[in-house]
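Please have the model open as you read.

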Amino acid sequence: MTDAPEPAVSDAFHVFDTTLRDGAQREGINLTVADKLTIARHLDDYGVGFIEGGWPGANPRDTEFFQRARTEIDFRHAQLVAFGATRKAGVRVEDDPQVTALLESEAPVVTLVAKSHVRHVELALRTTPEENLAMVRDTVAYLRAQGRRVFLDCEHFFDGYALDPAYAKEVVRTASEAGADVVVLCDTNGGMLPAQVSAVVRTVLADTGARLGIHAQDDTGCAVANTLAAVDAGATHVQCTANGYGERVGNSNLFPVVAALELKYGRRVLPPGKLAETTRISHAVAEVVNLTPSTHQPYVGVSAFAHKAGLHASAIKVDPDLYQHIDPALVGNSMRMLVSDMAGRASIELKGKELGFDLSGDRELVGRVVARVKERELAGYTYEAADASFELLLREEVEGRPRRYFEVESWRAIVEDRPDGTHANEATVKLWAKGERLVATAEGNGPVHALDRALRVALERIYPQLAGLELVDYKVRILEGRLGTGSTTRVLVSTSDGQGEWSTVGVAENVIAASWQALDDAYAYGLLRAGVEPQE
């Protein structure tokens with residue numbers, strides 16, 4: 001059996017993560033063993049108390065995970081948890097192979113799932129309520145006798161309690177008396193509301209004396225609220241998943257739950273200093289499961305502390321706390337000012353400060369920038385999603401000239417439709433840079449790709465820094481209120497240099513012309529980041 005690490009926080013309150021088991025049931029997530037090991041390392045680094053790794057014996061992947069986790073992960077904060085069910089009806093616990101698999105996982109903690117809804121006992125397990133209680137009692141006692149710590153998940157508890165509260169509470173009492181350290185009340189269907197959860201938890205706690213936990217699904221959009229309501233009512237064990245991943249619409253989200261417990265309740269549930277890792281861990285897990293992080297997720301989303309309205313900016317300029325419920329740095333995030341046609345002077349000043357410019361003493365300059373932003377957004381540009389293009393605009397006003405690294409003589413892109421149904425895309429650019437006339441032609445798998453390649457062919461000899469740039473995203477939008485194929489088009493391009501990522505915008509009636517503008521800004525900003533001085 002794997003030795004458990006010394007807890008960095010008190011055992012009086014548990015943060016229990018089930019991303020690798022319940023979270024992996026989300027549609028679109030398919031974790032390899034290597035993925036699970038990577039996520040487990042991230043969660044341990046974050047400082048959760050328990051990581052539920054899966055159901056050993058149920059499938060080869062989970063069995064292999066436990067085998068490898070024993071030797072490949074040096075857990076510093078978390079204890080590894082194996083998930084399984086109580087013994088089968090009519091089978092001795094010593095003879096049940098899935099119970100044996102739990103022991104063979106060598107996990108120091110076991111979570112057992114049990115029925116607490118009498119109709120599920122009779123229809124799903126096809127046994128009697130009395131035998132179900134015996135299954136709970138026997139399995140908990142047996143695993144405790146084998147040196148395992150045991151938690152028991154009461155599946156469908158809240159629905160079962162509504163049907164037969166006496167039986168639901170008897171399952172809790174039986175598990176606790178048999179040696180379960182925590183009995184977890186599960187809102188398996190996710191249909192509960194906070195006031196209901198609070199009332200049930202408070203009653204069950206008073207009537208059974210068991211230590212209670214909460215496992216909430218998010219089908220009403222209340223999983224985090226239900227989890228905190230259970231804590232208010234006396235639960236001391238919360239089960240969550242990273243980013244709320246889980247079956248159907250998901251589970252209680254680990255990160256807002258932990259942030260609320262630490263920052264709103266004043267309860268230390270992570271090792272010191274780990275709360276500031278919240279945003280990084282959230283995004284790291286999203287990267288492993290190959291899902292784009294939610295931009296509007298509480299605490300960790302890139303928009304969680306983003307401000308757009310001029311009224312907000314005016315107040316934030318005086319005191320950021322006036323429009324922010326916490327300091328973003330506490331969870332590893334940061335405040336962002338969004339520049340748009342809603343921007344006022346305060347928005348521009350704060351955004352300038354964010355970019356390293358003190359604009360507070362130059363009202364005329366700020367007024368010019370505000371006017372240009374409003375004028376260009378009226379034409380279809382958007383700067384809240386294109387910070388790099390805005391910085392280039394701002395620098396142009398501050399420095400009194402555009403930041404140009406090359407001048408365009410002309411460019412063209414050709415799409416050739418061939419008789420065999422294939423297409424050829426070719427672009428030619430004619431530029432001037434550092435006194436040289438540069439002409440280059442390149443092919444690509446689309447006209448924009450061909451333009452990008454032609455630009456590189458022309459400029460990389462003079463600006464070798466461009467070799468490290470990569471286009472990572474390309475978005476096209478036909479602006480509303482325009483006419484058919486003659487509509488104005490907005491293009492957003494995201495570019496990376498391997499160290500960071502930035503977005504630029506272009507607008508034109510021709511999608512290729514809009515793309516060229518966005519590429520032009522992308523290259524200019526990339527050279528700016530690389531410390532290259534523009535041409536005179």
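Helices (H or I, at least four residues) and strands (E, at least two) are DSSP runs, numbered from the N terminus.

## Basis

This is a predicted model, in which local features need pLDDT of at least 70, side-chain atom pairs count only at pLDDT 80 or more, and totals for chains, interfaces and linings use all residues. Residues are numbered from 1 along each chain as its sequence is written, and side-chain values use heavy atoms, with hydrogens and water left out.

## Two loop residues with positive phi

Y299 lies in the loop between helix 11 and strand 9. Its phi is near 70°, a positive value in a residue other than glycine. N290 sits in the loop between helix 11 (278-289) and strand 9 (306-307). N290 is not a glycine, yet its phi is positive, about 65°.

Burial separates the two. Buried means under 20% relative accessible area, exposed over 50%, and partly exposed in between (1.4 Å probe, protein chains only). Y299 has a relative accessible area of 9%, so it is buried. N290 has 66%, so it is exposed.

## Helix 1

Helix 1 covers residues 33-46. The expected span of a helix is 1.5 Å times one less than its number of residues. For the 14 residues of helix 1 that gives 20 Å, and the end C-alpha atoms are 20 Å apart, which agrees. Just after helix 1, G47 takes a positive phi of about 105°.

Helix 1 is mostly covered, with ten of its 14 residues buried. Among them are V33, L37, A40 and D44. The buried residues pack against strand 1 (14-17), strand 2 (50-54), helix 2 (60-72), helix 10 (254-264) and helix 11. Contact here means heavy atoms within 4.5 Å.

## The second largest pocket

A pocket is found on a 1 Å grid over the protein atoms alone: it is an open set of points where a 1.4 Å probe fits, with protein on both sides within 12 Å along at least five of seven lines, and lining residues have an atom within 4 Å of a point. Grid points are joined across faces, edges and corners, and a volume is the space filled by probe spheres set on the points.

The second largest pocket holds about 490 Å³ of space. Strand 3 (79-85), strand 4 (109-115) and strand 5 (149-155) are the elements that give two or more residues to its lining. Strand 4 supplies the largest share, three residues.

The lining has 23 residues, and R21, F83, V113, K115 and E155 lie nearest the centre.
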